[in-house]
Amino acid sequence: MPPDRSSSRRALAVWCPDWPAVAAAAGAGLPADRPVAVLHANRVVTCSATARDAGVRRGMRKREAQGRCPELFVAPPDQDRDARLFEPVAAAVDDLASGVEVLRPGLLALPARGVIRYFGSAEAAARRILAAAAAAGVEARIGIADELPTAIIAARHGTIVAPGGDARFLAPLPIGELAAEPGPAERERAALLDLLHRLGLRRIGDFATLTSAQVASRFGSDAILAHRRARALPERPPAPRQLPPDLEVRLPCDPPIDRVDAAAFAGRLLATRLTAGLSAAAAACTRLEIRAETATGEQLSRVWRCAEPLTADGVADRVRWQLDGWLTRPTGRPTAPVTLLHLIPVEVVPAAALQLGLWGDTGTGDERALRALVRVQGLLGGDAVQVGVLSGGRGPAERVTMVTFGDEPAPETDPAPPWPGRIPEPAPAVIMLNRPPVTLETAEGAPVRVTDRGLFSGPPARLRWGRSSWRLTAWAGPWPLDELWWSPGTAPAARAQVELPGPHSLLLLARDDRWCVEGLYE
């Protein structure tokens with residue numbers, strides 16, 4: 001019988017429950033028992049245990065959450081805050097064991113073999129790590145298993161899985177335990193798990209009984225990864241690609257770095273260099289080691305592991321988060337400024353695993369565009385560059401929230417709920433914010449208005465825009481806007497669509513018997 005190698009590759013995961021909410025409370029100086037919720041797009045994405053005890057749940061709207069828990073403290077998502085406040089926890093665990101890797105703020109992993117042998121048993125190692133986390137001021141849970149994905153699930157349950165028992169541990173758990181970590185694949189994985197549940201595969205063991213061929217032929221690529229996790233197999237092939245030479249990047253810092261904003265610029269430059277080298281080698285990084293050296297010779301190091309290959313933005317974010325954590329942590333911070341930054345791709349995969357960028361490369365073209373936008377912001381001011389975020393509303397202008405480039409892309413209103421009276425698809429290609437006035441006329445030249453019954457006073461036949469006029473080839477509407485009628489000074493309004501020769505189509509808005517152009521169709 002071949003030797004069991006599962007014990008040599010066992011993984012230990014340290015999970016801090018509800019970390020974004022815990023970090024938000026710590027950042028605001030709130031007591032640990034204060035109910036906290038982190039909201040995005042007016043919905044709860046994370047909440048503390050005390051908030052859940054009061055009835056707050058993920059996906060709940062802000063008003064409903066505050067109705068159930070009036071003392072609820074609401075905070076926006078902030079990855080910089082989450083990473084900065086998690087560094088002391090990672091440092092506390094790093095003092096006890098080697099090989100600590102941060103998967104995301106609130107979750108880290110390390111090889112279990114060394115720490116178990118050092119402390120004598122898995123239970124003793126778990127107790128020491130939990131004590132270290134408690135000394136850092138946070139609650140944590142430990143999971144140990146043969147494979148890292150199983151160890152992460154075990155950490156949610158605070159379980160130590162026996163060697164070789166990953167599949168038996170996973171089999172009775174609900175299929176929802178296979179949910180992806182927060183990131184680009186989260187929504188796709190949620191849709192897959194919902195489909196599996198509706199197909200009757202309610203337990204992980206039910207999904208694991210399917211063959212790889214059945215999964216590959218019926219579901220997408222993400223289902224293959226989820227199936228490997230359900231079978232307690234590594235999500236990535238066990239033999240990673242050999243590292244090409246000269247991929248490490250270094251940056252001597254002159255002047256030395258002692259501020260977070262300077263660290264962010266240095267991290268962006270290093271990320272650009274690293275991703276350029278990886279792109280030339282047709283590779284992408286999945287494990288990144290960040291090293292720093294101070295003027296007094298101190299050596300700082302941290303490894304970040306990612307489920308998805310890192311883009312230049314992902315590298316820059318992790319460098320910024322790590323330097324922010326080192327420079328601002330309450331204890332053990334460097335005694336001198338940082339004089340050298342060093343990025344090492346610990347593990348790489350073929351670049352095919354990384355989605356191509358907008359200009360056909362692995363993101364370097366996107367990076368050039370981003371740098372150009374940042375340069376424009378530097379010349380004209382931060383608010384000079386804005387991007388549109390899909391929002392909720394009925395009119396086309398209401399459905400776009402303009403956000404300053406680089407800020408959190410949070411819409412003013414949630415686009416998900418039903419919006420009766422919303423303009424049907426397709427949306428106008430161009431939204432006229434200035435709403436230029438136009439005149440709508442009948443064939444006899446009489447102005448067209450909207451009557452009290454919500455009808456045209458006459459069939460539209462011609463549109464006049466400034467000195468130009470066109471005969472209409474088609475029209476639709478009007479559609480009265482039955483909103484804000486309770487607000488004083490709000491006049492009745494209606495929308496209509498007209499088609500000009502060409503063809504060109506316009507979305508018109510009528511208010512106080514005056515027409516204006518709200519959008520252009522292509």
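## Basis of the description

Helix axes are lines fitted to C-alpha atoms over the stretch in contact, and the angles between axes run from 0 to 180 degrees between N-to-C directions. Helices (H or I, at least four residues) and strands (E, at least two) are DSSP runs, numbered from the N terminus.

The model is predicted, and local features need pLDDT of at least 70, side-chain atom pairs count only at pLDDT 80 or more, and totals for chains, interfaces and linings use all residues. Residues are numbered from 1 along each chain as its sequence is written, and side-chain values use heavy atoms, with hydrogens and water left out.

## Overall composition

The protein has 15 helices and 21 strands. Of its 522 residues, 44% are buried, where buried means under 20% relative accessible area, exposed over 50% and partly exposed in between (1.4 Å probe, protein chains only). Contact means heavy atoms within 4.5 Å, and among contacts between residues at least 6 apart in sequence, 56% join residues at least 24 apart.

## Two helix pairs

Helix H9 (residues 186-198) packs against helix H12 (residues 221-230) at an angle of about 75°, and their axes are 10 Å apart. That angle makes H9 roughly perpendicular to H12, given that angles under 35 degrees count as roughly parallel, over 145 as roughly antiparallel, 65 to 115 as roughly perpendicular and the rest as oblique. On the H9 side the contact is made by Glu-188, Arg-189 and Leu-192, and on the H12 side by Asp-222, Ala-223, Leu-225 and Ala-226. These residues divide into four nonpolar, no polar and three charged, with Ala, Val, Leu, Ile, Met, Phe, Trp, Tyr, Cys and Pro counted as nonpolar, Asp, Glu, Lys and Arg as charged, and the others, Gly among them, as polar.

Helix H5 (residues 112-119) and helix H6 (residues 122-135) pack at an angle of about 95°, with their axes 8 Å apart, and H5 is therefore roughly perpendicular to H6. Here Val-115, Ile-116 and Phe-119 of H5 meet Ala-122, Ala-124, Ala-125, Arg-128 and Ile-129 of H6. By class, this contact has seven nonpolar, no polar and one charged residues.

## Aromatic pairs

The structure holds five aromatic pairs; rings of Phe, Tyr and Trp (its six-membered ring) pair if their centres lie within 6.5 Å, and planes under 30 degrees apart count as stacked, over 60 as edge-to-face and the rest as tilted. In one of these pairs, the rings of Tyr-118 and Phe-119 have their centres 5.0 Å apart and their planes at 90°, so the arrangement is edge-to-face. Tyr-118 counts as exposed, at 65% relative accessibility, whereas Phe-119 is buried, with a relative accessible area of 18%.

Phe-456 and Trp-515 form a tilted pair, 6.1 Å centre to centre with 45° between the planes. Because Phe-456 lies in the loop between strand E15 (437-441) and strand E16 (462-465) and Trp-515 in strand E21 (residues 514-521), the pair ties together parts that are 59 residues apart in sequence. Phe-456 and Trp-515 are both buried, and together with Trp-475 they form one aromatic cluster.

A nonpolar core is a set of buried Ala, Val, Leu, Ile, Met, Phe, Trp, Tyr and Cys residues joined through side-chain atoms within 4.5 Å. The largest has 59 residues, and those with the most contacts inside it are Leu-12, Leu-110, Leu-341 and Leu-343; helix H14 (residues 312-328) gives the most to this core, with seven residues. Apart from it lies another core, of 31 residues, among them Ala-11, Leu-148, Phe-169 and Ile-204.

Leu-508, in strand E20 (residues 504-511), counts as buried at 0% relative accessibility. Leaving aside neighbours within four places in sequence, the residues in contact with Leu-508 include Val-438, Leu-440, Leu-463, Ala-496 and Trp-515. Leu-508 and Leu-440 are 68 residues apart in sequence and 9.6 Å apart in space, C-alpha to C-alpha.

## Backbone features

The peptide bond from Asp-254 to Pro-255 is cis, with omega near 5°, and Pro-255 is placed in strand E8 (residues 249-257).

Ala-232, in the loop between H12 and E8, has a positive phi of about 60° although it is not a glycine, and this residue is buried, with a relative accessible area of 14%. Asp-513, found in the loop between E20 and E21, is a residue other than glycine with a positive phi, near 65°; at 52% relative accessibility, Asp-513 counts as exposed.
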